[in-house]
Amino acid sequence: MNEILKASNLSKHFGGLMAIDDVSFSIYEGETLGLMGPNGAGKTTLVNLITGKYFTDTGSIQFMGKDITRMAPYKRCKLGISRTYQIPRPFPELTALSSVIVSALYGKDRSNQSLDDAGYEATHYLEFCGLFSKRNVLCKDLTLYELRGLELARALATTPKLIFVDEVMAGLNPAEATKAVRLLERAKEEFGVTILWIEHVMAALMKAANRVVVLHYGKKIAEGLPQEIANDPLVIECYLGSCHV
Ligand SMILES: Nc1ncnc2c1ncn2[C@@H]1O[C@H](COP(=O)(O)OP(=O)(O)O)[C@@H](O)[C@H]1O
Ligand SMILES: [Mg+2]
């Protein structure tokens with residue numbers, strides 16, 4: 001399998017706290033890589049380093065063979081990296097459709113797209129995410145479940161090769177969570193995206209991921225097939241709360 005992303009020796013400190021501590025891993029084209037770890041393990045910070053919200057203190061990031069370590073976030077997006085936010089970040093005063101149009105217009109390396117074309121594309125992604133009937137609703141009036149769908153529609157509208165999905169199931173009821181998982185699987189099939197899927201609920205990720213990386217206090221403590229991770233004594237200990245790596 002082709003390596004789509006290679007992160008080498010990444011670290012990020014906030015004051016005296018090492019949120020990410022010398023983490024290296026790769027993502028391969030077409031896979032769903034699970035990123036797991038207790039609350040505060042550094043999962044979102046790792047995504048922030050790779051998408052460019054923060055620059056890494058050490059190491060390097062290669063995306064499709066290109067060094068993106070110091071690249072601005074919007075350029076990484078245009079190259080094909082996209083994300084959803086754990087806490088949805090809509091434009092409250094825009095309609096669902098307009099906010100996906102923004103992604104379709106600005107999220108890819110194509111500056112000559114007309115507003116009509118962007119509207120057509122955005123409608124398609126909204127429909128895919130089950131939000132067609134909500135297209136004219138202001139984002140501030142959407143439910144949490146709908147906002148999660150909107151996050152995905154916005155991410156897909158940038159035509160990414162790699163999507164980071166941050167705790168898509170948090171705060172959803174079981175029926176909504178099941179639908180959200182199915183939607184991501186369909187996104188993979190239909191758009192051929194590679195997914196890095198963050199979740200701190202172990203069981204859910206074990207079903208969805210091809211491989212899993214586990215973070216704990218900013219360090220990578222395990223990497224392997226879901227079954228190997230589920231049986232890893234260190235991972236089990238960390239999840240039971242008695243692990244101090
Ligand atoms: N911008 C920030 N400033 C200060 N501390 C931060 C910041 N972002 C994250 N942290 C801290 O870094 C650690 C890892 O956080 P985070 O990456 O959000 O964990 P996770 O997503 O695994 O729950 C936590 O202790 C968190 O409080
Ligand atoms: Mg997080």
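Six strands line up here as an open sheet, in the order S6-S7-S8-S3-S9-S10, and their pairing is mixed. Two strands pair if DSSP finds at least two bridges between them, while strands (E, at least two residues) and helices (H or I, at least four) are DSSP runs numbered from the N terminus. The model is predicted, so to speak of a local feature takes pLDDT of at least 70 and a side-chain atom pair counts only at pLDDT 80 or more, whereas totals for chains, interfaces and linings use all residues. Residues are numbered from 1 along each chain as its sequence is written, and chains are lettered from A and ligands numbered from 1 in the order in which they are written.

- S9 (residues 211–216) pairs with S10 in the antiparallel sense, over five bridges.
- Val212 has its bridge partner, Gly224, in S10.

**The helix on the sheet**
- H1 packs on the sheet and touches S3 (32–36), S6, S7 (162–166), S8 (194–199) and S9; contact means C-beta atoms, placed from the backbone, within 7 Å.
- The direction of H1 makes about 150 degrees with that of S7 (axes are lines fitted to C-alpha atoms, for helices over the stretch in contact, and angles run from 0 to 180 degrees between N-to-C directions).

**Around ligand 1**
- Residues surrounding ligand 1 include Phe14, Asn39 and Lys43, where near means a C-beta atom, placed from the backbone, within 6 Å.
- Strand S2 (17–28) and helix H1 (43–51) each give two or more residues to this shell, and H1 gives the most, with three.

Note on methods:
Contact = placed C-beta atoms within 7 Å.
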